[in-house]
Structure formats: structure tokens, C-alpha cells
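Student: I have a model open and want to go through it with you. Can we take it piece by piece?
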Amino acid sequence: MTQQHLPAPEEHSDDVEPGWRRVHPISPFIRSWSVLLIFVYMIMNFSVQELREVIETFNLTVGQSLLILLGLVVATLTVAAGLYAISWRFYQFRITSDAVQLHSGVIFRRRRYMRLDRLQAVDIVRPFFARIFGLSKLSLHAADGSETTLTLEYVRETEAERLRHEILYLASGAQDDPNLDPTGDSIEPSTQAIGPQLPDYPFADYLGQYVEHNPHGVPEHVATPHTAQPAQDNHAGSRELLTIPFGRVIGAALLTGAATGVWTAIFGGTTTGFFIWLGARNDAEPLAIPLGVLIFLIFLGVALFTAGITAFTQVNANFNFTAKTSSSGVRVTSGMLSTSSHTIPPGRIQAIQITQPLIYRYFGWYRIQVTVAGYGQTDTSTTVLPVGTFDDVITMLSVLAPDPGIEYANDLIFNALKFTADDDGFTRVPSRARIWQPVAGRRHGYTTTPTLLLIRFGRLRRNLAMIPHERLQQSSMYQTLSDKLSGTVSAWFVTPPGPVRTHLRNQEPAALVELFFAEAKIAANARRISDKNQWMAPEELETFEKAAAKAQANGSGA
Amino acid sequence: MYHEQLPYRRVSPKLIVLRHIYNALGFGIPVIATTIGLLMLHASTDFFTSFPVAYLLFAVPVGLLITAIVFVFIIPRQVKALGYLENRDDLLLRRGILFRRQVAVPYGRIQYVDIRQGPLQRAYGITQIVITTAGGGTASTFEGLPLEEAERLRDELTQRGYERLAELAAS
Amino acid sequence: MKAFPADLEFHPVSPKLTTYRQLVNVISLVCFVTGFTVAAVIFNAQVDPGFWHGLSYIPAVWTLLYDLGVMIVTPYQVRVHGWAEQSDDLLIRSGAVFRKYEAVPYGRLQFVELSQGPLQRKFDLANVTITTAGSTATIHGVPTRQATRLRDDLTQRGYALLAGL
């Protein structure tokens, strides 16, 4: 693959206005391959008999039919590539110092304009096939639910990384800082992948808050932090947080695969049992037992297959999972055949949920998911730690929720998840309402720290949801039929749509009403001091510092 | 709402023609399709003779046709009722005569702005402007601005958000 | 919710909302009950007699009972419904039997929507819907003038307290 075959995307064609760009010209061809898969699927839907009939009707030799097949494949590819090429021509984007613009659509035209400070997350995904050509897909997310605001499919890997760096830099508002090198009005495409150096955002300073006085010992990677990686994208202060060892990825994948397999097998076993019972009951049905065994074998096959697929998908997705932190936020990268990298700038995490599925419990593993307004409900990008130890959880939290607001925060979280102590600070569903939640009732409740609202739920699958006060969107307090009957109250602390569950059910009324009002006040104060769009804009940092100092003074005075 | 007598701006009157076309296509095709389908059913089977109630099915195309005719009279008034106004703090969008709706979008809340144009809209030089906020939904979809006006409005919207914030920061 | 602070003053919605809602209830009751009854009669005329003749009246009876229940509760619902403008958020109260309180911070407001149907206009009522990035909250039956004032108030306060997203 030489330069002639892959002309640089920054080369301007004469039909593009200055400043506007297109994605890589080879993209239509890569995208057309997915159409070929549909074609293959359609061919496979014909039975051998049908194909033979077709061949016989037209009196074709083997060579001729192969030629026709080849012709069809080529035609499909050409048509698909042609259509994609037309849409490629009309897909043009521009990045200026404060906005991203996109023109797209052939018949239905669309012009999109997004201000960069609206950026919620940036993804770089390298599907296997595009990776062969050294290409990546870059997606920008704004707070619009699950939709992707801007997708560049595909650009060269170095180009994708440079664009990401530029966009994050511009979105941070750092260019307004006179101490930093201003980049001018419009970003002129440059071959150098280096932007101005960013000042270090004070993430790391917060680590102490989680690990000070840690009775469970200091997590290893915190005690000896990894030295800055030779920053792939030249970020100042880019620091590796954790990598998931391959063994654990395999282990977790096998466990999940096994669990899926077991469920399939249980279902299959029940069906088999039914058939065998049917056969035993009615001797006149001699086929019943062999049929039962056959079905059992089929289910066994399906179970093994599902288990294998599930396990492989997980290994493929979580292979080499690495979490990093830098001035532009948290970045998680992973993947074997296809790789993906998600960057969430500071202040974009709306809520955090730590989950321990039943199968992880024996190994002491956890999963962390976050709500980001740009990702929405079902996006897999919301998982920022697929399988990690408790130390990993604390390490991640020190970045996701840098300020827990209390010392011993790790202790609180440890007890919240383990549920060992009776007085762990969490409320419980009052015993008169336990009939509505017989299993999880004792484990369902909330507690607050000066910066976080924590909601715990689930007994078999343990969950802990954490909402930074300043991220609360709205809250409601209500009574359902069960509440009415047992004299309790439920509440919903609303965050943008995402995987984190923030409902509280059947709680003691007095305490919940108090929380409802307290939360409104705390959230209002927290918003004043720490909610911001451009996380590096000088005035935002300044206001933040001032407010933080004031809050601290107030706090120590009180 | 409508009592306020605010200087709302109107959309392009060409939108009336466009909406008439939408109306004709949107109702015309189903009316013709269902009528033909029912007539064929009538001619080829004895479904209608064995179930005389089934003749009520012809109420479907007739009902659709009547709705379409009603819309012919409503559309001009509907288009005239569409209005937008750039307030100091927010953009006001107004629509509807019978069912009135008014949306106020603060400038600082706009996530991104789309200007869309389908083939018919392009033929009439009209656009659809879609303002996305983090609140989701399509509450702020607005059809009927000429392309230049739509682009002016978009620039205005994004600019005002900044200015208003700067004003607030200064005060 | 007895634990709720009693000193909070809620701004009541228009008392005309009761009349409007009862009217809507009556219209819906008449339409649906007649509709379901006619459907049942036609159905019974087409099929052979049997126990299903009685069953076919279930939708009509169910709608009748449900709508009657709603009509009994409506006056209480309207009396309870209201809003309170606090320093940082708007508090909305609703629900006669199943009480609900919603707190919407002004700084979180994404957009405000006023809506009014033809019948609502006769009673000078409007719905005010406040959307945040997570959910929505609606005040039903606000007098039109008050609704526009509330809208201006909300967006203005929203700007003064504007928070991210």
C-alpha cells in the first residue's frame, strides 16, 4: 500500500471548498464489502437442488456457472462501491476553532453544525477489515441520546488520532488561554500530529482521597504508578491507569460463556426431560426417547456453540483492555481483531455503576459502567471496566469520580458492595415493606457523601450506582401501590439516559423526603462550583478554583 | 402564547404548495391502493356476499379522502400559524391553530443544528431546520425557511449562545 | 407522604381544569362505551350464541367503570396539582391517590413547551412541559397568561443558573 494508492485525505480536490474535507477515498470500497456479505447470505439461502435446477435449465458448464457467479460478485461490489462513492462525494466535513460542520446526503441533504464545547465523547474504532488498510472510524458524540453526531468512516489511523487530538484540544477551550499557543481561526491541515502541550489536569491529586487510611492496603498500581507512557498522541500527563491481564479476560469470557452455555443446557435439559417423560408415560410412542436424546444432543451443541461465541466475542472485545487518563479525559482502549478506543472528556460522566455479577463474585471481580449523555442506553462503549479487581475499581473511580468527598471512600464502597457490616451507612427497605423486595430489600438503599449520591441495589447481582451531585438532572418522589400499602416512598434521581439505574424503591418516608430536599440544595451548590462545558477554558478553571476555595473555607468553618 | 402579540416571523409561503403536495401524496397513494385492493377482493372472492358487514371496509378510503380534503383547507392556515422569534434568551417556535404548541429553546442549550433538504424541498427552495438539545425529541423541528434564512438563523443561534454566556460571565 | 414539609406553598393550577377534565372524561366515556357496545352488538349478531356473548361486553363495562373512577378522583387531582418556584428549582406536585413530587433545577432546563388543544383554549388552559436531559415534567392546566409568564421566568432563571450539558 503506497502513497499513490492512498492519496492523503487532506488533499483538496478542486470541487471542495477550502477548509472542507472528505473521508478517505478508499472508504467506499471498504464499505461495499459488507454488501457482499448480504449477497453471500442470499446465495446461501438457495438450496443445492435449486441451484442445480437453474444450472440445468440454462445448460451451463461448471466453468460457465462459476464465471457467472464471479460476474455477479463483481457487479454487486461495483454497484455498492459506486453508490457509496456517490455518498462519499457528498459527505464533507470541516473543523473550525469552535465548531464541527458536516454536509451529507445525496437526495436528502443535511448540513450539521455542532459547537465543539458540546462534545461528550470521541471514539476511534478500527473494524478488522478497515484495519488491514490502516484506516479507522472516528465518531463524535454530543448529548443527543444514542445517535452519533459525526462519523468519519474511514480516515487514516494517524489522521484519526490527529483529528481526535485537535478536536479534544479545541473542545477543552484551552486555546482561549493566552499562555498556550493559539491555533488560529481554522485548523489548517498539518502533517504534524502535535498540538500545543496541555497543562496537567489535577486528576492524580485526588487518588489520595480514595486510598488514604486504606485498611485493605494500598492498590499496587497506585502505590507505584506507571510512569507516563510514551504518549501515543503526545498528550502531556497521559498516564496509564490499568491494563486487564489476558488471563483475567480469558477467565471472565469463559465464565460468561459457561453461564450462557449452562442456561441453554438447562433449557435443553428441561425439554429433553419432558420428551423422555412423555415416552415413558406412553409406551406406544417408541420414538420419544431417541427423539429426546437427539434434542438433548442438539441443545448440547447449541449450548457449546453459544458459549464459544459468547466467550470469543468477549475476548475479542476486551483483549488488551487499557485505561488511561490525560488532560483530555479518560480513555479506554481494547480489542483484538477490531479495536476501539473511547475518550470521555472531564465532566462528561453523569453517573457510575459498579456491578458484580454472580459469576464474578467468587473471583472478586467487578464491572464499571458509566452514563455519558452522548452514548445513550445500550451502547457498549459505556463499559469502562469490563472485569477488574477491587483495586482496579478504586483506581478507575479516582478518575471517574475524582473527589469522593470523604476519607475512607474505598472503605465505604467496599462495604457497600460486600455488604458485610450492618451499619455501613446505607438505608434499608423497612421490614414492613420487605414483602415487595424479599430478596434484595436489605441491600436496597442509599447514602450520600459531600460529593456523591450512592444507591445500592441487587442481591445476587450486586450493584452500586454513584451520581455526582452536580450531575443530577431532576428528581422525583412518588408513591406506587406497594408504597401506599406499606407506607413507604419511592424516588427517581434522574440522570441522562444510560446504563446506570438510579431508582430508589420502598424507602422510609421521613428519610427520603429529607434526602429529596437536601439533594436539591446540595446539587444546586455543586452545580455552581463544578459544572462546566469547556473544562480547560481559563475563566472556567478560575471560577472553579475560586468556588472550590470558597467551598473549602465554608466547609472547614462549619 | 398567541395572546402575546409578539413579532413572530413567518415562514416562506411556498411551504403551502409543498404541504399540498405532501398531502396529495400522503393520502392519495393509500386511498388509491386501498380502493383498488378492496375492489379486487370484491371481484375475485365472495367475501363481501358472505359478510355484508365487510362493506364497511370501504369507509377506510372514503375516510382518508375526506381527511385529505379537510387538510386542503387547513394547510394554508397551518402554514400561516408557523412562526419563529429570536428572543433575548431563547428561540421561540410556534405552530398549530387548533392544537397550539410553542417551544422555547434557550440559546445556550442547543447541542447542534441540522439544516435538511429533501428533493421536493430543494425544488421549492425550502429547508427544514432541526435543533437538537440534550432533552431529545423532535420538539424543535421547523420547516419552511429558505436556505439563506435558515443558515442565518443557525449562525445567529450559535452566536447568541456565546454572547449571552459572555454577558453573564462579565456581569 | 406525611413527612413532607407543610410550610411549602404550592401555586394551584386553574380550577377550570376540573371542568375541562370532567368534560373530556364524559366525552371519552360516551365515545368509548358506545363504540365498544356497538362493536359487541355487531359481533354478537355475526356469531352463534354462547357464553362469549356476555364476554364481548367486558371492554365496554371496564371502560365505564374506569372512567367513572377517574371522574371521582379528578377534583382531588386538580386540587393537589400545583407548582412552587424555589430558589434553585421548580417543584411540581401531582396525584390524588398516588402522590408525586418532582424537582426540576432551573439550570437543567433544556427547553420549555406550551401546548393547548381547542377545548383547552375555551377554558383558557395551557400545559407547560419542562424538558431536562433526563426526563420531562408537566404542569397541566395553567391559565394561558400565567403559562407564558412561567415560561419566560423559567428560561430567564435557567440562564442565570445555567449548568453544563
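**Working through the model**

Tutor: Let's start in chain A, with a tyrosine: Y154(A) sits in strand β7, residues 150-156 of chain A. Keep in mind that this is a predicted model.

Student: Which residue is joined to Y154(A) by a cis peptide bond?

Tutor: E153(A) is joined to Y154(A) that way, with omega about 5°.

Student: How many helices and strands are there in chain A?

Tutor: Chain A has 15 helices and 20 strands. It runs to 558 residues, and 50% of them count as buried.

Student: What share of the contacts in chain A comes from residues 24 or more positions apart?

Tutor: It is 61%, taken over contacts with a separation of 6 or more.

Student: Where does R118(A) lie?

Tutor: R118(A) is in the loop between β4 (109-115) and β5 (119-126) of chain A.

Student: Buried or exposed, that R118(A)?

Tutor: Buried, because its relative accessibility is 2%. The C-alpha atom of R118(A) is 7.7 Å from that of A171(A), and the two residues are 53 apart along the chain.

Student: New topic, backbone angles. What is phi for N506(A)?

Tutor: Phi of N506(A) is positive, about 50°, although the residue is not a glycine. N506(A) belongs to strand β20, residues 503-507 of chain A. Its relative accessibility is 4%, so N506(A) counts as buried.

Student: And what is phi for D124(C)?

Tutor: Near 60°, again a positive value in a residue other than glycine. D124(C) lies in the loop between α4 (118-122) and β6 (125-131) of chain C. At 34% relative accessibility, D124(C) is partly exposed.

Student: Which residue follows α12(A)?

Tutor: F419(A) does, and its phi is positive, near 55°.

Student: How many residues of helix α12 of chain A are buried?

Tutor: Eight of ten, so the helix, residues 409-418, is mostly covered. Among the buried ones are D411(A), L412(A), I413(A) and F414(A).

Student: Now charges. How many salt bridges are there over all chains?

Tutor: The count comes to 24. One of interest here is R111(A) with E151(B), where the closest N and O atoms are 2.4 Å apart. That pair crosses between chains, from strand β4 of chain A to helix α5, residues 147-170, of chain B.

Student: What does R19(B) pair with?

Tutor: R19(B) forms a salt bridge with E143(B), with the closest N and O atoms 3.1 Å apart. The pair links distant parts of the chain: R19(B) is in helix α1 (residues 14-44), E143(B) is in strand β7 (residues 141-146), and they are 124 residues apart. R19(B) and E143(B) are both buried.

Student: Which residue forms a salt bridge with E149(B)?

Tutor: R152(B), with the closest N and O atoms 3.1 Å apart. Both lie in helix α5 of chain B, three residues apart, about one turn of the helix. In an α-helix there are 3.6 residues a turn, so residues three or four places apart point the same way. E149(B) is buried at 16%, while R152(B) is partly exposed at 29%.

Student: Which residues are linked with them in a network of salt bridges?

Tutor: The network consists of R9(B), E86(B), E149(B), R152(B), E156(B) and R160(B).

Student: What about E102(C), where is its place?

Tutor: E102(C) is in strand β4, residues 100-105 of chain C. E102(C) is buried yet has no salt bridge. The nearest side chain of opposite charge is K100(C), 4.0 Å away. E102(C) touches residues of chain A, including Q474(A), S475(A) and F516(A), and residues of chain C, including L90(C) and T136(C).

Student: Last one. At what angle do α1 and α3 of chain C cross?

Tutor: Roughly 180°, with the axes coming within 9 Å. The two helices are therefore roughly antiparallel to each other. Residues making the contact include L29(C) and F32(C) of α1(C), and L64(C) and M71(C) of α3(C). The contact residues divide into 14 nonpolar, eight polar and two charged.

Key:
Residues numbered from 1 in each chain as written. Chains lettered and ligands numbered in written order. Predicted model: local features only at pLDDT ≥ 70, side-chain atom pairs only at ≥ 80, totals over all residues. Heavy atoms only, no water. Helix = DSSP H or I, 4+ residues; strand = E, 2+ residues; numbered from the N terminus. Buried < 20%, exposed > 50% of the residue type's maximum accessible area, 1.4 Å probe, protein only. Lys, Arg positive; Asp, Glu negative; His and termini not counted. Contact = heavy atoms within 4.5 Å. Axes fitted to C-alpha atoms, helices over the stretch in contact; angles between N-to-C directions. Parallel < 35°, antiparallel > 145°, perpendicular 65-115°, else oblique. Nonpolar A, V, L, I, M, F, W, Y, C, P; charged D, E, K, R; others polar.
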